[in-house]
Amino acid sequence: MTSFLRDLVGLLLPVECAGCGLDDLPWCPGCAALLSGAAWRCENRAPRLDRMDGRGALPVWTLADCTGDVRRAIIAWKDRGRGDLTAPLADAMARQAAQVAGVLAPAAPLLVVPAPSTAASRRRRGGNLVDELAAAVVEGLLADGVRAELAPVLNRASGGDQVGLGARDRARNLAGQLSVPDRKTRWVTGRAAVIVDDVLTTGATFAASRRALERAGGGVVAGLTLASTPGPSRPPVLPDRPVVRPSDARG
Ligand SMILES: [Zn+2]
């Protein structure tokens with residue numbers, strides 16, 4: 001959009017940053033900076049990712065904690081109609097993919113598999129928004145010379161959303177819901193895959209996606225996410241001794 005058009009639309013529709021709420025910008029530089037740092041591994045926060053088969057948890061990279069402005073922005077993007085965030089969020093994923101391309105290169109050519117959403121949420125959102133992130137991961141890998149292709153091969157049977165469920169119920173809800181349909185099995189068999197999702201929470205989605213790809217004869221080498229939910233917060237640490245403030249000490 002030209003700046004003239006953007007100004008005109010701005011006059012008609014007030015715009016605010018989807019993260020921090022700053023006026024007049026859809027996605028401000030401060031919020032963009034939250035997703036522009038170095039990618040880091042977050043799988044140790046997701047207990048469901050460890051299959052306890054001795055092979056350890058799936059490596060999952062991310063760009064930020066899913067808290068505060070980042071969390072608000074992702075919710076706005078997914079559930080509040082802020083489709084204008086697709087481009088900057090996809091850019092962040094492409095940059096992340098370029099950062100980890102060297103680590104993933106030995107497994108190439110890679111299938112980049114978006115975590116599937118339910119039919120109901122696809123209808124509500126006009127598609128699977130995670131497909132856009134996965135397409136950006138492909139771009140980031142290709143730009144770094146790593147062969148990769150977008151492979152939306154996972155189906156999600158209806159069975160309710162994951163919203164509001166605890167870790168155990170999420171895993172149970174998803175178990176058996178995700179699959180590679182027969183007509184796509186040949187695409188997956190013998191191939192290495194990277195799974196892409198917007199947020200890593202309990203790891204139930206990644207674990208179920210990984211199992212479905214393995215049932216179809218594929219292997220999963222990594223996950224990539226925009227953000228990762230920190231584990232349950234710890235209670236505040238109390239000082240060993242009572243703290244004596246100057247006002248208490250007097251008198
Ligand atoms: Zn902002």
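Helices (H or I, at least four residues) and strands (E, at least two) are DSSP runs, numbered from the N terminus.

## What you are looking at

This is a predicted model, in which local features need pLDDT of at least 70 and side-chain atom pairs count only at pLDDT 80 or more, while totals for chains, interfaces and linings use all residues. Residues are numbered from 1 along each chain as its sequence is written, and side-chain values use heavy atoms, leaving out hydrogens and water.

## Helix H3

Let's start with helix H3, which covers residues 68-79. Its 12 residues reach 16 Å from first C-alpha to last, close to the 16 Å expected at 1.5 Å a residue (1.5 Å times one less than the number of residues). After H3 comes glycine 81, with a positive phi near 75°.

Val70, Ala73, Ile74, Ala76 and Trp77 of H3 are buried, meaning under 20% relative accessible area, with over 50% counted as exposed and anything in between as partly exposed (1.4 Å probe, protein chains only). Looking down the axis of H3, these buried residues fall within an arc of 160°, so they line one face of the helix; the arc is that of the directions from the helix axis to the C-beta atoms. An α-helix has 3.6 residues a turn, so residues three or four places apart point the same way. Among the elements covering the buried residues of H3 are helix H4 (86-104), helix H6 (129-143), S8 and S9.

## Strand S8 and its partners

Next, follow strand S8, residues 192-200, where 9 of 9 residues are buried. Strands count as paired if DSSP finds at least two bridges between them. S8 runs parallel to strand S4 (residues 110-114), joined by 5 bridges, and valine 112 has valine 194 as its bridge partner in S8.

S8 also runs parallel to strand S9 (residues 219-228), with 8 bridges joining them; here alanine 193 stands opposite valine 220. Together, S8, helix H9 (residues 204-215) and S9 form a right-handed β-α-β unit: with the strands pointing away from the viewer, the path from the first strand over the helix to the second runs clockwise.

## The nonpolar cores

A nonpolar core is a set of buried Ala, Val, Leu, Ile, Met, Phe, Trp, Tyr and Cys residues joined through side-chain atoms within 4.5 Å. The largest has 46 residues, and Leu35, Leu141 and Leu226 have the most contacts inside it. H3, H4, S4, H6, S8 and S9 each supply at least two residues of this core, and H4 gives the most, with 9 residues.

Apart from this core lies another, of 25 residues, among them Leu178, Ile195, Leu200 and Ala208.

Conventions: Contact = heavy atoms within 4.5 Å.
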